[in-house]
Amino acid sequence: MAVSLYHLVVDSHDLPAQARFWSQVLDWKVLFEDEDEIVIGRDEHAMPGMCFLPVPESKTVKNRLHIDLTPDDQDAEVERILGLGASRADVGQGPDATWVVLADPEGNEFCVLRPKKSLID
């Protein structure tokens, strides 16, 4: 049986703001939007995408699953993403970490890695 990663689903309070933030971070676009769901992606045929769904509760603990981004220039990308509304996050990564932990506007942690050439680099 074949299976593919389809969506990363993000529980959200403010779906439009979260979709706008992640669309800007990833240079993606909104592909579908209604009051109960917003889907973003590179285009409608490029998987995976991200899907934002409404939830009443706030995030209270560190994510069990997070997104890793690999840029061409880590420092420049961290500054760009901070300018979009992210904040720095401390999840115990330590001063020697080669990645930077940020949080999106609703507190979901994600990492900006050093440039990578492969999935095992």
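# A walk through two sheets and two helices

Start by selecting strand 2 (29-34) and strand 3 (37-41): the two run antiparallel and pair over five bridges. Here strands (E, at least two residues) and helices (H or I, at least four) are DSSP runs, numbered from the N terminus, and two strands count as paired if DSSP finds at least two bridges between them. Before you click further, note that this is a predicted model, in which local features need pLDDT of at least 70 and side-chain atom pairs count only at pLDDT 80 or more, while totals for chains, interfaces and linings use all residues. Residues are numbered from 1 along each chain as its sequence is written, and side-chain values use heavy atoms, with hydrogens and water left out.

**The first sheet**

Stay on that strand pair. Strands 2 and 3 make a hairpin, with two residues between them. Show Phe 32 and you'll find its bridge partner, Val 39, in strand 3. Then pick Glu 33, which stands opposite Ile 38 of strand 3.

Next, go to the loop between strand 3 and strand 4 (49-54), where Pro 48 is found. The peptide bond leading from Met 47 into Pro 48 is cis, with omega near 5°.

**Helix 1**

Select residues 15-26, which make up helix 1.

The expected span is 1.5 Å times one less than the number of residues.

At the start of the helix, show the side chain of Asp 14: one of its oxygens reaches to within 3.1 Å of the backbone nitrogen of Ala 17. That is a polar contact, meaning a pair of N or O atoms within 3.5 Å; within protein, one must be able to donate a hydrogen and the other to accept it, and residues adjacent in sequence count only if both atoms are side-chain atoms.

Colour the buried residues of helix 1: Leu 15, Gln 18, Ala 19, Phe 21, Trp 22, Ser 23 and Val 25. Buried means under 20% relative accessible area, exposed over 50%, and partly exposed in between (1.4 Å probe, protein chains only). Zoom in on Ser 23, which counts as buried because its relative accessibility is 9%. Leaving aside neighbours within four places in sequence, Ser 23 is in contact with Trp 28, Lys 29, Val 30 and Ile 40.

Step off the end of the helix to Asp 27, in the loop between helix 1 and strand 2. Asp 27 has a positive phi of about 55° although it is not a glycine. Is Asp 27 buried or exposed? It is exposed, with a relative accessible area of 67%.

**Across to helix 2**

On the way, stop at Glu 57, in the loop between strand 4 and strand 5. Glu 57 is partly exposed at 45% relative accessible area. The C-alpha atoms of Glu 57 and His 13 are separated by 8.0 Å, though the two are 44 residues apart along the chain.

Now select helix 2, residues 74-83, and colour its buried residues: Gln 74, Val 78 and Ile 81. Look down the helix axis: these residues fall within an arc of 70°, so they line one face of the helix. (The arc is that of the directions from the helix axis to the C-beta atoms.) The buried residues pack against helix 1 and strands 5, 6, 7 and 8 (109-112). The face turned away from the buried side carries the exposed residues Asp 75 and Gly 83.

At the N-terminal end, Asp 73 is the cap, with a side-chain oxygen 3.2 Å from the backbone nitrogen of Asp 75. Just after the helix, Gly 85 takes a positive phi of about 125°.

Last stop: another open sheet of four strands, with the order 5-8-7-6 and mixed pairing. Its edge strands are strand 5 (67-69) and strand 6 (87-88), each pairing on one side only. Strand 6 pairs with strand 7 (residues 100-103) in the antiparallel sense over two bridges. Show Ser 87 and its bridge partner in strand 7, Ala 103.

Note on methods. Contact means heavy atoms within 4.5 Å.
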